[in-house]
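Q: Here is a model to go through, with its terms checked against their definitions. What can be concluded from it?

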Amino acid sequence: MNPTGALALKLVLTPVLVGAASLAGRRWGSAVSGWLIGIPFTSAPIALFLTIEAGPTFGARAAVAIMAGALSQAVFCLWYAWAAQRLAWSSSLLAAALGFGASTLVLELTGLPSPSFLVVVIVALVVALFLMPAHEGAPPDPADFPRWDLPARMVVATAFVLALTAAAPVLGPRLAGLLAPFPLYGAVLAAFAHRLQGAGAAVGVMRGLLLGLFAFSAFFVVLATLLEHDVALAFVTAIAVALVVQGISLAVGRRLGLA
């Protein structure tokens with residue numbers, strides 16, 4: 001794909017995906033919105049663009065790093081959820097971002113993981129789910145979202161994709177991959193839910209995001225395994241596997257009272 005085509009794809013695909021997830025989340029609530037954004041709406045396009053622009057080998061290495069970055073997302077969720085028990089949305093968001101940054105730094109200083117690192121990620125996600133604050137009170141009432149909310153989310157997510165893919169050749173596949181999972185969309189959802197509906201709604205978003213990260217991790221381990229063999233097959237298979245895992249995670253989460 002030529003640079004013009006890749007740019008056009010970024011400008012169309014990212015806002016469409018983010019906008020669709022936002023509307024679905026408004027329909028079914030904060031926890032479901034968090035679960036939905038476990039689907040890699042921003043990092044999957046980033047992986048695709050990195051593969052198109054830098055080649056399948058670069059894309060496969062980045063996919064492994066993105067999968068490992070699920071650990072940093074889990075840290076983000078925990079730090080936000082616990083900070084929200086006492087702090088405003090802005091302070092909670094700052095604490096969560098610092099947690100994500102600290103986790104990313106640790107991952108960057110360690111050796112590049114292999115697809116088998118998925119086992120570590122799964123264990124960490126399970127532990128994080130049980131460390132989340134308990135449900136408190138009745139579900140929050142639906143909020144009236146300002147008109148600029150949805151366009152703003154779409155613009156911010158698209159800008160992040162454009163910036164990261166442009167910087168990827170300088171950052172390298174490992175650091176680009178570790179930064180790609182930053183839960184930008186989750187941060188926006190949680191912050192708005194916290195501000196408009198209270199801490200309980202924000203915790204719901206974070207708990208749902210943790211459930212969604214099982215599908216996220218499955219997507220990228222499949223991608224990392226198959227990408228150098230066949231790009232199209234890798235993405236189609238990764239999407240299919242992620243959708244199956246996404247459904248299972250919600251069913252199990254509800255059975256265990258985690259969603």
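Q: In what order do the elements of the chain run from the N terminus on?
A: This is a predicted model. The elements run α-α-α-α-α-α-α-α-α-α-α, and the count is eleven helices and zero strands.

Q: What makes a residue of the chain count as buried, and what share of the 259 residues is buried?
A: Buried means under 20% relative accessible area.

Q: How do you know that the span of helix α6 agrees with its number of residues?
A: Helix α6 covers residues 89–109, 21 residues, and at 1.5 Å a residue it should span 30 Å. The end C-alpha atoms of α6 are 30 Å apart, so the two values agree.

Q: Which residues of α6 are buried?
A: In α6, S92, A96, G99, F100, S103, T104 and L107 are buried.

Q: Why are these said to lie on the same side of α6?
A: They cover an arc of only 135° around the axis, which puts them on the same side of α6.

Q: Which residues are exposed on the other side of α6?
A: Exposed means over 50% relative accessible area. L94, L98, L105 and L109 are exposed on that other side of α6.

Q: What makes up the lining of the second largest pocket?
A: A lining residue has an atom within 4 Å of a point of the pocket. For the second largest pocket there are 14 lining residues, and I39, P40, A44, F219 and I239 lie nearest its centre. Helices α1, α3, α10 and α11 each supply at least two residues of this lining. The largest share, four residues, comes from α11.

Technical notes:
Residues numbered from 1 in each chain as written. Predicted model: local features only at pLDDT ≥ 70, side-chain atom pairs only at ≥ 80, totals over all residues. Heavy atoms only, no water. Expected span 1.5 Å × (residues − 1). Buried < 20%, exposed > 50% of the residue type's maximum accessible area, 1.4 Å probe, protein only. Arc of directions from axis to C-beta. 1 Å grid on protein atoms, 1.4 Å probe; cavity = no way out; pocket = protein on both sides within 12 Å on 5 of 7 lines; lining within 4 Å.
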